[in-house]
Amino acid sequence: MRFPAPLTVVAASEQIDALRAAKGAPWIEDARLVPLALHQPIEATDIAQASVLVLHVDPAVVPSMKRIAQVRALRPDLPTIVALESTDIGLVRMLLRQGVSDVIGLPLQPEELLQAALAVSETNAAPDKANAGLAPLIAVARALGGGGATTLVTHLAAALAADGQNRRVCIVDLDIQFGRVAEVLGLQPRRTLADLLEAHTRVDDAFLKSVATAHASGVDVIAAPQDIVPLEAIDVEKLRRTLEIARREYDYVFVDTPSNLTHWSLSLLSEAQGVLMVVEQSLASLRQARRRLDLFDSVGIDRQMVSVIVNRVERRLFSTISLSDVAHALNHDVLCGLQLDLQNIGLAQDQGLLVGDVRSKSPYAADIRKLTGMIQQRFAAGVQP
């Protein structure tokens, strides 16, 4: 049996020598075998051609464990199988939460290694095929309620729709209890998300378009239900089906998620191509943001998919908490800051307008334009925000 795509094995020299000496395993001739001592770091050239990586690590050798993060930094989407001597359940769970595709034991057995690689390859090919042609799904999350996430998503979506590229942009308001996307845009939708979820199997692109309400900016909005809905009432499969149809109909699909985290919202965040986490320069916001990032780690949401955006930034010489302080507190890079402009934002939203409509030189609008460029570049390059 042959492995259908490039397979790379990075392991200690004795493991590599044993594989090369194995009989009855012709696929080894096609694999790239990289002997690397456990204390040595991974280099980009080691994994450049890999479609699946088998990586030898030892929990007792710290540099070897760091190689997992190095691989994620170099090749975020590379399926990785970890090979280690002790397959302790707790350790295995920790590795899987870090994004490892599978775990196998040592010494490396050619048949076991091949079967694991084939299974991982097939598992990763299926989502790629299912997502072919779908628009990116970008989830907007907040560290605390009232932090400006809805303002961000409405302005960012409008900026993308107005970029001159005839982009079709949709916002799905999933803050099903307190969603205000339609309200701040001055819309009065006849139908809402509830209609889509109730219809379920009858939903198609035409039905979805009949529910979406168009805004003057060019953005379509699927509004939150008019009545307060229990968070547990959302059926994740119905929601997934609705979002898949939206992603086939539009070029960008944004979802405004609720402050309270649920099983379905965490599932959605894990499937999104990008998560924009909105925080503020306050201890309370940073504390909650850190807790949420830790939770994301624990449920397997890739931190590389999460971009931190600091809202209501005050450009003062002696700011109490700077953007670098935010990055340090969260142990996570800050993508950008959005300047404080409460007066103009409030005035605009009272009229169902965007801040640029009431003040052309708004600092907030200028920062949104910069963020829009970042989003466009990263998706154009195939990199998530």
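**Strands, cores and helices**

Modeller: Let's start with a strand pair: β7 and strand β9 (residues 219–222) run parallel and are joined by 4 bridges. Do keep in mind that this is a predicted model.

Colleague: What makes β7 and β9 count as paired strands?
Modeller: Pairing needs at least two bridges between the strands, and β7 and β9 have 4, so they count as paired.

Colleague: How do you know how far to trust the model, and where is confidence lowest and highest?
Modeller: The scale of pLDDT runs from 0 to 100; the chain has a mean of 87, with 93% of its residues at 70 or more. Strand β7 (residues 169–173) has the highest confidence, at 97, and helix α5 (residues 110–130) the lowest, at a mean of 74. Where pLDDT is low, the coordinates should not be read in detail.

Colleague: Why is strand β4 (residues 80–84) described as largely enclosed?
Modeller: Buried means under 20% relative accessible area. In β4, 5 of the 5 residues are buried, so the rest of the structure largely encloses this strand. T80, V82 and L84 are buried on one side, and I81 and A83 are buried on the other, so both faces are covered. Side chains in a regular strand alternate between the two faces of the sheet.

Colleague: And which strand pairs with β4?
Modeller: Strand β3 (residues 52–56) does, in the parallel sense over 4 bridges. H56 has A83 in β4 as its bridge partner.

Colleague: Which residues have the most contacts inside the largest nonpolar core?
Modeller: They are V172, L174, I222, V255, V279 and F296, in a core of 47 residues. Leaving out residues up to four places away in sequence, L174 touches several residues, including L193, L239, V255, W264 and L268. Apart from that core lies another, of 38 residues, among them V140, A159, L338 and L354.

Colleague: How do you know that helix α10 (residues 236–249) and helix α11 (residues 263–271) meet?
Modeller: Contact means heavy atoms within 4.5 Å, and V236, L239, R240 and L243 in α10 meet W264, S267, L268 and E271 in α11. The helix axes come within 10 Å and cross at roughly 35°, and the crossing of α10 and α11 is right-handed.

Conventions
Residues numbered from 1 in each chain as written. Predicted model: local features only at pLDDT ≥ 70, side-chain atom pairs only at ≥ 80, totals over all residues. Heavy atoms only, no water. pLDDT = per-residue confidence, 0-100. Helix = DSSP H or I, 4+ residues; strand = E, 2+ residues; numbered from the N terminus. Core = buried A, V, L, I, M, F, W, Y, C linked by side-chain atoms within 4.5 Å. Buried < 20%, exposed > 50% of the residue type's maximum accessible area, 1.4 Å probe, protein only. Axes fitted to C-alpha atoms, helices over the stretch in contact; angles between N-to-C directions. Left-handed = near helix turned anticlockwise from the far one by under 90°.
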